[in-house]
Amino acid sequence: MAKRKTVYMCTTCGSSQPRWVGKCPDCGAWDALIEHKLDTAADPQKGLVEGWVDTIHGVPKAAPIDEVAPDPAASARLATGIGEFDRVLGGTPETGRGLVPGSAVLIGGEPGIGKSTLLLQAAAGWASAIDPKKGPNWSRKVLYVTSEESAEQVQQRAARLGIAGEPNLFVLADTNLARIIEQVRTVKPAVLIVDSVQMVYKADLDAAPGTITQLRRCAAELVYLAKASGTAVLLVGHVTKDGQIAGPRVLEHLVDAVLYFEGDRFHAGRIVRAIKNRYGTTLELGIFEMGGHGLTPVAGGGGASFDDGEPNPGSVVCPVMHGSRCVLVEVQALTATGFLGAAKRKSSGLDTSRLAMLIAVLEQHAGLRLADRDIFASAVGGIRVVEPASDLALLLAIAGAHYKRAIGPRTVVIGEVGLGGEVRPVAQLEQRLREAARLGAKRAVVPSARGNRPKIIGLELVAVQNVGGAIELLG
Ligand code: TYD
Ligand code: MG
């Protein structure tokens, strides 16, 4: 008879506490603990997976690090052929990009953002990918488990996306974990997609489907399945706008990679970004556009572009690095009459504390009076900009909005701003300038640091030393 123990689990962060307290000691959420009966004999290692996988590793032994054999799976990545998605999954052009066999990946996002669409397209990509090393007849099976929709609904969507004729793509509509694992045993897929993991339940648990106990146990079993069988497992989880509700966040430590699918339901642009990746960098972004035929990769970055219209005061373009790629982002600012002592400072897609710092620099080193001005700033296009290299662009957007003067046409602005009002050098300047020139920039405002300043044909460089010099450039 299994022993039972009562613990209190936080619905916000998923931590467990031995007794009920009003405030979660781990995340500080109030009134978030709920009672759970724990089955102490339950061990994920002794779950449903045990008994049929034959690759369960022996007893681990300590070994010198140079004797640890490299994991061959990590170099045999499964690519979907959707470049924007493969890049976020990790890898380099030399080793190949994509999903590592046997890894567990969590994909979070708000309901309706397009997770199911992306994964169905990715599933078709995996299923049709031919591994050149294994000959043209070798292909991969992919099992798409849908716990929210019916198999017919998935089939209809696949037909609309033009991928319904893929013989290696298997669909299963089920929510019972034991039956899902049984099907994995039968089909032996290279990739298993569970959409969504929140609806899957394990019948022998006391907890109701959708609770944290169920979510954790089901996810732990599926991650174990990935490790033991070599099937890569992708778990889909719904997150609400502030990411606070009990849900996929409690799984982040269990899996190898966490991807978030972001965007605004009212705009077509969608971004996939890695929050955690044991097999690659978290700096990469995948940019898509939602249309009538699913998601289309936007390889150019989908950022700002130049036109020959009248330049807009309060709007400055900055080349921002995201991993290996450079995206042009338009930073906008607006100042309006506010109340002294209660002026609003709001930003969207930008770091609020940097905004406050730049306002202080403008007041102290450039003589602007902003204490009674409301200031709003945003990065256009839904791409979040956190790089200090965008400081000078934001600063010039605020100063431009304040003075109603614009920076010249086809101009990009690059530079970090220090507390002394100096403009500091930034990393990867050459790559940023090249990308800006490629996309039509004619002039670039850059930090006047010593050392080599890259020369790019057709791009005039204007070096500035401090914020005063930069503000003089506003026409
Ligand atoms: P979905 O993938 O179901 O979102 P999620 O799984 O994250 O909840 O897609 C949500 C929306 O995408 C849906 O409301 C309609 C839209 N959509 C398109 O605009 N074009 C398409 O081709 C598809 C399949 C969906
Ligand atoms: Mg869905």
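**Entry 1: two helices**

I looked up helix α3 (residues 115-128) and helix α4 (residues 151-161), which pack at an angle of about 70 degrees with their axes 11 Å apart. α3 is therefore roughly perpendicular to α4 (65 to 115 degrees counts as that). Axes are lines fitted to C-alpha atoms, for helices over the stretch in contact, and angles run from 0 to 180 degrees between N-to-C directions. Helices (H or I, at least four residues) and strands (E, at least two) are DSSP runs, numbered from the N terminus.

The model is predicted: local features need pLDDT of at least 70, side-chain atom pairs count only at pLDDT 80 or more, and totals for chains, interfaces and linings use all residues. Residues are numbered from 1 along each chain as its sequence is written, and side-chain values use heavy atoms, leaving out hydrogens and water.

**Entry 2: their contact**

Which residues make the contact? I noted Ser116, Thr117, Leu120 and Gln121 of α3, and Val154, Arg157, Ala158 and Leu161 of α4. Contact means heavy atoms within 4.5 Å.

**Entry 3: the sheet**

Next I traced an open sheet of 9 strands with mixed pairing, in the order β8-β7-β9-β10-β6-β11-β12-β13-β14. Two strands pair if DSSP finds at least two bridges between them. β8 (169-173) and β14 (294-297) stand at the edges with a single partner strand each, so one side of each has no neighbour in the sheet. Neighbouring strands are turned by 25 degrees against each other on average, direction ignored.

I then checked β12 (residues 269-277) and β13 (residues 285-291), which pair in the antiparallel sense over 5 bridges. Val272 has Gly286 in β13 as its bridge partner.

**Entry 4: helix on sheet**

Back to α4: it lies across β7 (142-146), β8 and β14, and runs at about 145 degrees to β8.

Technical notes. Chains are lettered from A and ligands numbered from 1 in the order in which they are written. Angles under 35 degrees count as roughly parallel, over 145 as roughly antiparallel, 65 to 115 as roughly perpendicular and the rest as oblique.
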